[in-house]
Amino acid sequence: MLKKGKRVLFTEGVLNIRSVGAVAPTGRFVARAMAPEIKISDPPKIIVELGVGTGSITEEIVKRLRPEDRFIGIDSNKVLLQECKKYIEPMARDRFVCVEHADAQNIKHILKAHNIAMVDEVICTIPFRALSARETKKILAQVDDVLVSGGRFVFIRYLIAPATKEVFRALHNFTVVKKKIVMSNIPPTEVITMRKG
Ligand SMILES: C[S@@+](CC[C@H](N)C(=O)[O-])C[C@H]1O[C@@H](n2cnc3c(N)ncnc32)[C@H](O)[C@@H]1O
C-alpha cells in the first residue's frame, strides 16, 4: 500500500471533497478486487484507470502488467497525481505506465494522443455523485466507445451511498459479471465488474 499518499489524499479530500470524493486511499482488498484480469497467455492488454488519486489501485494494476501491456491513468487533481507519480514511476521499470493530468470526460482525446483507439479494461473510482448527470453520461459514453467487445468496466460504490443507477442506465449493453462487498474498507465498499456485450 502507498502509505505516503495518505496525508496528501486527506488534505486534498478535505479541501475538495466534492471532486476528490474521499479522504483516505482505497484499501488493499478493494484495490485487489479491482485489479485487471491478466493471464500469461493473454495477448497484450491496454488498461485505463479513471481517478488514480495517490495510486492505491494503480499500484495493484502496475504489479500485474507484463512488458507488452500498456497502462494509462487519468486524474483531474494535479497534487494527487504528483504524489502518485512519485511511487508508481519507479515501480513501472520496463513497462508502459503513463499517468495523465486530465478530466475523464476527455478519455478518447487522451488515448488518441497515445495512438490508442480501443482498450481492454477501464477501472474507475471517479465519484460520479459529485459530477453532473451530463458529465457522468459523457464519461460513460466514452467508456462504452473505447472498450473492446468483452472488455471489463470495474467501478466502486460506497455501501452508505445509494445505488449508482446512472452507470447501469448508460451502460445498458453491459452485463454485471461480479459484485464483491469489502466490509473492511473505510467506508465499506462494493466492487462491481461489468462486461461489454
Ligand atoms: C475517491 S478518489 C479515488 C482515488 C484512488 N483511486 C483511490 O482509490 O484511493 C476519486 C479520484 O477521482 C478523481 N476525479 C474526480 N473527478 C474526476 C474527473 N472528472 N476526471 C478525472 N479524475 C477525476 C479525483 O481527483 C480523485 O483522485
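This is a predicted model: local features need pLDDT of at least 70, side-chain atom pairs count only at pLDDT 80 or more; totals for chains, interfaces and linings use all residues.

**Entry 1: the strand pairs.** I began with β1 (residues 46–50), which runs parallel to β4 and is joined to it by four bridges.

On to the next pair. I found β4 (residues 119–124) and β5 (residues 147–158) running parallel, with five bridges joining them. For V119, the bridge partner in β5 is L147. I also wrote down E121, which stands opposite R152 in β5.

How many of the six residues of β4 are buried? I got six of the six, so β4 is largely enclosed by the rest of the structure.

Entry 2: I then laid out the strand order and read β3-β2-β1-β4-β5-β7-β6, seven strands in an open sheet with mixed pairing. At the edges I have β3 (96–101) and β6 (174–182); each has a single partner strand, so one side of each is left without a neighbour in the sheet.

Entry 3: Helix α7 (residues 133–146) I found lying across β4 and β5, and it runs at about 145 degrees to β5.

**Entry 4: helix α1.** Which residues of α1 (residues 5–15) are buried? My list is G5, V8, L9 and E12. Seen down the axis of α1, these buried residues fall within an arc of 95degrees, so they line one face of the helix. I kept the general rule beside this: an α-helix has 3.6 residues a turn, so residues three or four places apart point the same way. On the face of α1 turned away from the buried side, I marked R7 and V14 as exposed. I also checked what covers the buried residues of α1, and the cover includes α2, α4 and α5.

**Entry 5: the ligand.** My last stop was the shell around the ligand, which has 23 residues. The ones that come nearest are T26, G51, G53, N77 and A104. I sorted the shell by class and got eleven nonpolar, ten polar and two charged residues. For the elements involved, I noted that α2 (17–20), α4 (56–64) and β2 (70–75) each supply at least two residues of this shell.

Conventions
Residues are numbered from 1 along each chain as its sequence is written. A residue is near a molecule or strand if its C-beta atom, placed from the backbone, lies within 6 Å of it. Ala, Val, Leu, Ile, Met, Phe, Trp, Tyr, Cys and Pro count as nonpolar, Asp, Glu, Lys and Arg as charged, and the others, Gly among them, as polar. Two strands pair if DSSP finds at least two bridges between them. Two residues are in contact if their C-beta atoms, placed from the backbone, lie within 7 Å. Axes are lines fitted to C-alpha atoms, for helices over the stretch in contact, and angles run from 0 to 180 degrees between N-to-C directions. A residue is buried if 20 or more other C-beta atoms lie within 10 Å of its own, exposed if 12 or fewer, and partly exposed in between; C-beta atoms are placed from the backbone. The arc is that of the directions from the helix axis to the C-beta atoms.
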